[in-house]
Structures are given as structure tokens and as C-alpha cells.
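The following note comments on selected features of the model shown here.

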Amino acid sequence: MEVVTSILSLHEARNRLQGSLGFVPTMGYLHEGHLSLVRAARAQNSSVAVSIFVNPTQFGPNEDLDKYPRDLERDTELLEQRGADLVWAPTEEIMYPPGFQTTVTVAEVTKPLEGAHRPGHFQGVTTVVAKLFNVVQPDRAYFGQKDAQQVVVIRQMVRDLGFNVELRVSPIVREPDGLALSSRNALLNPAEREAATVLYRALTAAVEEWQDGWREAAHLRETMASTTTAERLARLEYVSVADPETLHELEDNAERALLSMAVYIGSTRLIDNMLVGVSEE
């Protein structure tokens with residue numbers, strides 16, 4: 001496995017890889033969710049590349065960029081064990097050199113949900129992912145369903161700009177108690193870690209209501225909200241029952257929907273989601 005930093009060294013290493021290339025973009029501090037994407041890429045391609053870059057432009061001024069966990073040595077060891085061929089770990093100066101002034105903006109699907117609560121977040125995401133795709137030139141790119149809106153946004157960008165890359169989306173990987181795996185889980189203390197299961201409990205309660213025939217979007221939102229607010233360490237930011245493709249909030253029956261939410265557990269912001277009426281890819 002090669003670990004490279006510069007764009008030139010990345011190009012040279014990329015040219016040595018034969019056959020199809022699967023690519024997993026990450027911000028590091030890898031967990032089983034990331035590694036499930038690496039396994040999928042390994043199974044479906046001749047070679048596997050992974051990027052590790054904590055992208056500052058997708059963090060707001062009062063968010064947790066400085067606290068975001070980092071451990072490149074640990075990450076590269078895990079990736080070598082899982083059969084990755086190439087790891088690109090660029091610096092901020094390489095990704096955003098002096099004079100950098102180009103951004104990529106996707107319009108409508110970035111406005112609700114995370115976009116409404118994290119201004120500028122998705123411009124940072126789409127700009128860095130566009131650069132990653134352009135430099136790495138993968139055949140397939142792998143993302144997790146936990147960042148559901150990100151998947152919709154990147155799919156829109158790929159379609160609009162004609163990127164020659166196939167997107168593959170893997171299901172959310174969860175702890176035995178239901179908590180979705182996230183690098184930010186490492187920031188939770190024991191009491192907060194226990195409280196964090198409220199996201200899974202809230203979403204599961206809404207899914208069960210949907211399965212029992214309660215399809216009114218407002219009712220499902222209320223189920224998620226009331227479950228969450230019963231947890232004293234949780235501070236609800238939003239709950240949503242939205243169209244899974246347009247992300248427009250549903251007002252009537254939710255025959256097909258993305259149920260999603262963002263919750264602060266202490267000072268740590270967590271997101272989670274479940275789909276109803278549509279299969280996870």
C-alpha cells in the first residue's frame with residue numbers, strides 16, 4: 001500500500017494501478033462504517049484508493065473542526081489490513097493552495113435539512129469532492145447512507161457536471177444498541193454515549209408507526225421529536241420527513257420518505273436517518 005501526500009505523487013501512484021479503481025473519500029479517524037465501504041470497493045474493483053482529509057471548508061465558524069478526531073497512523077494501518085492499495089492524505093495547503101478561488105455549488109437539494117442549519121457546509125463538500133474526483137479519477141466512488149443528504153447532493157453534482165464516476169451507497173453501520181457509527185462518537189462521554197441511542201430509538205419509533213399505517217408526515221415528525229425530547233441530555237435541532245430524492249419536506253402522507261434528524265448530545269452534534277417505502281442502496 002502506498003501513502004502519498006502531493007497531487008503529483010498521487011497521479012504517479014494512480015497510473016501504476018491496473019484495472020478499475022474504487023475510491024472511498026473520508027475525513028479519517030476510521031470506523032467500521034468507513035471500512036465497510038473499503039470492503040465493498042475491494043470486492044468490486046481491481047484497486048482501491050482512500051483519501052483522508054479533514055476538510056475545513058465544510059465546517060462552520062462555531063463547529064467542531066478543531067475537536068474533530070485525527071489519527072493518520074492508525075487509519076493507514078487499518079487500511080493496509082483491509083487491502084487498500086493507495087491512500088492520499090493531502091495537507092490543507094495542497095487542497096487549498098494560496099490564491100484558491102474556485103467553488104462548486106449545487107442549488108436546491110442543499111437548501112433544506114443540513115443545509116438550512118449549516119450554511120456553506122455543502123459548498124465545502126461539493127468543492128472538495130469535485131477536486132477529489134478530478135485528481136483521483138476513480139471508476140466508482142463509495143459513500144455511506146448515514147450522510148443521506150450528502151449522497152443526494154453528490155449524485156446531483158455528478159449528474160449535472162458529467163463526472164465519469166459511478167456512485168455506490170452502502171447501508172448505515174450501527175453499534176449493537178443502534179447508534180450509527182460516526183467519528184464524532186469518540187467525543188461522547190459514557191453518559192452521553194448512552195443517551196445518543198435516542199436518535200435510533202426516535203427513528204425506529206417513527207418507522208414502526210409508518211409500518212402500522214400511520215403515514216401522516218406531521219405525526220411521524222412528532223413521534224421522532226417527542227421521543228428525543230424525553231432524553232434529558234439531548235437537544236433536538238431538527239426532525240424531518242422528506243421526499244428521498246428532492247428532500248422537500250412532506251406535508252401529507254409519507255408513502256416514500258427519508259426520516260432524518262440532527263441532535264446535540266452534550267456539545268456533540270449527531271445525525272441519523274432511515275428510509276421508508278424505498279430500499280437503501
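1. Strands β5 (residues 140-144) and β6 (residues 166-170) pair in the parallel sense over five bridges; pairing requires that DSSP find at least two bridges between the strands. Within β6, S170 is the bridge partner of G144. Helices (H or I, at least four residues) and strands (E, at least two) are DSSP runs, numbered from the N terminus.

2. From β5 the chain crosses through helix α7 (residues 148-161) to β6, a right-handed β-α-β crossover: with the strands pointing away from the viewer, the path from the first strand over the helix to the second runs clockwise.

3. The model is predicted: local features need pLDDT of at least 70, side-chain atom pairs count only at pLDDT 80 or more, and totals for chains, interfaces and linings use all residues. Residues are numbered from 1 along each chain as its sequence is written, and side-chain values use heavy atoms, with hydrogens and water left out.

4. Not counting residues up to four places away in sequence, F143 touches, among others, L37, V129, F133, I154 and L167; contact means heavy atoms within 4.5 Å.

5. S51 lies in strand β3 (residues 47-52). S51 counts as buried because its relative accessibility is 1%, buried meaning under 20% relative accessible area (1.4 Å probe, protein chains only). Its contacts, not counting residues up to four places away in sequence, include W88 and L132.

Key
Buried means under 20% relative accessible area, exposed over 50%, partly exposed in between (1.4 Å probe, protein chains only).
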